[in-house]
Amino acid sequence: MSSTQTTSYRDKVEELSLLFEISQILDQSLDLKQVIHPVLKSVAEQLSMVRGTITLLNRQTGEIIIEAAYGLSESQRERGRYRLGEGITGKVVQSGKPMVIPRISEDPEFLNRTGARKGVRNKDVSFICVPIKLGNETIGAFSVDRPDSATMSLDESVRLLSIISSMIAQAVKIRQTVMEEKRQLQEENTRLQQELRERFRPSNIIGNSKAMQSVFDMVAQVSRSDATVLIRGESGTGKELEAHAIHYNSPRASKPFIKVNCAALPETVIESELFGHERGAFTGAVSTRKGRFELANGGTIFLDEIGDLSATTQVKLLRVLQEREFERVGGNDTIRTNVRVITATNRNLEKLMEQGSFREDLYYRLNVFPIHIPPLRERKSDILLLADHFIEKYSEQNHVLIRRISTPAIDLLMNYHWPGNVRELENCVERAVLLSMDEVIHSHHLPPTLQSAESTNTRLTGTLSEALDNLERELILDSLKSTKGNMAKAARLLGVTERIMGLRVHKHGLDSRQYRA
């Protein structure tokens, strides 16, 4: 191999080594400002570069400014600002084509805007400027000052700088994509947080009864504090909904809200779920895992069915409430946490304390601010409000139109004792919405449990003829309501003559005038 071939081979190796080094630098951080200067430094060492700049175009202002520089002072960087078509840099960004000035002292187009090239040796300095392009769009320029004594030819330097500028452009594109996705996620997170705040405002929780108004007042008062809250009430009364309302109306609203159902987790895993575990702490612990208390740091943790916690977990929970610290399962490091605790139960904790299955000291730690949610049977005036709300909700979900609830159906709803509370009412309404074929919820759309003697506090007596008469009366009532007391329209609606309609109305002792607008 000749000396020329040996030199050429060595140059190629050094070039590849430089490109590899630059690719590694660009992969180190998503922050472009952190990696640009190391890239310039590597290029300077390879090309004997005196100075180098990376400029980017601001599309809003039309100004080209120096994003990173090598061999320039801070004041010189500040002076390096160009307009499109202005100077060599402005022309390269405008045209998207590289430009080479063999000697900057001999070229009148070279502006020396930064003022860094004043001196007697300027005649020995070459200036190379290549565009930084994303597709067909020029987003900036990469320029270097190199001494005339540099070994690499100007053409080779342009080729190498063009490759490097392409790598920089791809890095910019990736970062722009990541930043755009991050911005979209932040906007979506902000939107969802606002939606949750609106959804769980006390004023948006259904209930006009005096008992529920008292609950709403307590929620509004405690939301502004960091006090531990114990929500009590039967299953299905909406304890979790109130916990949401407390969190999303508190100063912690932008922080996590973590829910844990203590009854749904077996005793063998509840400790790991709450406090996390270290790798190898037990069989199956293949990696370190954060617990719910750690994930909720800065926010709120909601422990539902707190009365079902085991004695061992109660002791550890008591320590978290007292000391605000814990250790992961299998770990020795103490982890401090800043978490607001909201708990809920449908069990009688006082009776559990008497039986020795619930710790007295834990009870008093949890019972700082108790809130009792009344059962639905004690807030009858809220039943129709809730029913209307669920009708609207499930009508929209299932793309059906429900205009009203029939009078017999209302009677069934109001007379039922609702052992499953609001959750049972919601399920009944969802079923009725799906069964309705005439935009009205009738009594036969409701579950059989609501139509039994026990649920309505009535006793089924009478003959088949009487039952048919009752059904006929219900249908006539519905038709008169639908037509606002218009007998002719009601008759057509039921498919009978006006004479028969009049006889039936008289038979059942109805007055059509009371339904007129």
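Helices (H or I, at least four residues) and strands (E, at least two) are DSSP runs, numbered from the N terminus. With that in hand, welcome to this structure. The model is a predicted one, in which local features need pLDDT of at least 70, side-chain atom pairs count only at pLDDT 80 or more, and totals for chains, interfaces and linings use all residues. Residues are numbered from 1 along each chain as its sequence is written, and side-chain values use heavy atoms, with hydrogens and water left out.

Let us start with the overall picture. The protein holds 19 helices and 17 strands. Of its 517 residues, 43% count as buried; buried means under 20% relative accessible area, exposed means over 50%, and partly exposed lies in between (1.4 Å probe, protein chains only). A contact means heavy atoms within 4.5 Å. Among contacts with a separation of 6 or more, 66% come from residues 24 or more positions apart.

Now to the interior. In soluble globular proteins, nonpolar side chains tend to be buried together. A nonpolar core is a set of buried Ala, Val, Leu, Ile, Met, Phe, Trp, Tyr and Cys residues joined through side-chain atoms within 4.5 Å. The largest one here has 30 residues, and Val39, Val43, Phe142, Ile164 and Ile168 have the most contacts inside it. At least two residues each come from α1 (3-26), α2 (32-47), β5 (125-134), β6 (137-147) and α5 (154-199). The biggest giver is α5, with 8 residues. For a closer look, find Ile168: leaving aside residues up to four places away in sequence, Ile168 touches Leu26, Ile36, Val39, Ile54, Ile132 and Phe142. There is also a second, separate core of 28 residues, and Phe293, Val320, Leu352 and Met353 are included in it.

In α4 (residues 87-95), the buried ones are Gly87, Ile88, Thr89, Gly90, Val92 and Val93. Their cover includes β1 (51-58), β2 (63-70), β3 (81-83), β4 (99-101), β5 and β6. Just after α4 comes Gly96, with a positive phi of about 75°. Further along, α8 (residues 267-275) has Ile270, Ser272, Glu273, Leu274 and Phe275 as its buried residues. Gly276 follows α8, and its phi is positive, near 80°.

His399 has a phi of about 55° and sits in the loop between α13 (383-398) and β16 (404-405). Its relative accessibility is 73%, so His399 counts as exposed. Asn421, with a phi of about 60°, belongs to helix α15 (residues 421-435). Asn421 has a relative accessible area of 0% and is therefore buried.

Helix pairs come next. Axes are lines fitted to C-alpha atoms, for helices over the stretch in contact, and angles run from 0 to 180 degrees between N-to-C directions. Helix α6 (residues 210-223) packs against α7 at an angle of about 35°, with the axes 8 Å apart. Their crossing is right-handed; a crossing gets that name if the near helix is turned clockwise from the far one by less than a right angle, and is left-handed if anticlockwise. On the α6 side, Met212, Val215, Phe216, Val219, Val222 and Ser223 make the contact, and on the α7 side Glu242, Ala245 and Ile246 do. By class, these residues divide into 7 nonpolar, 1 polar and 1 charged. Here Ala, Val, Leu, Ile, Met, Phe, Trp, Tyr, Cys and Pro count as nonpolar, Asp, Glu, Lys and Arg as charged, and the others, Gly among them, as polar. Also in α7 (residues 239-248) is Leu241, which counts as partly exposed at 35% relative accessibility. Leu241 and Ile205 are 36 residues apart in sequence and 8.2 Å apart in space, C-alpha to C-alpha.

Finally, look towards the end of the chain. Helix α17 (residues 464-482) and helix α19 (residues 498-507) pack at an angle of about 115°, with axes 10 Å apart. These two are therefore roughly perpendicular, a label for angles of 65 to 115 degrees; under 35 counts as roughly parallel, over 145 as roughly antiparallel, and the rest as oblique. The crossing of α17 and α19 is left-handed. Asp469, Glu472, Ile476, Ser479 and Leu480 of α17 meet Met501, Arg504, Val505 and Lys507 of α19. This contact has 4 nonpolar, 1 polar and 4 charged residues. In the segment after α19 lies His508, which is buried, with a relative accessible area of 16%. His508 touches Asp469, Glu472, Arg473 and Ile476, not counting residues up to four places away in sequence.
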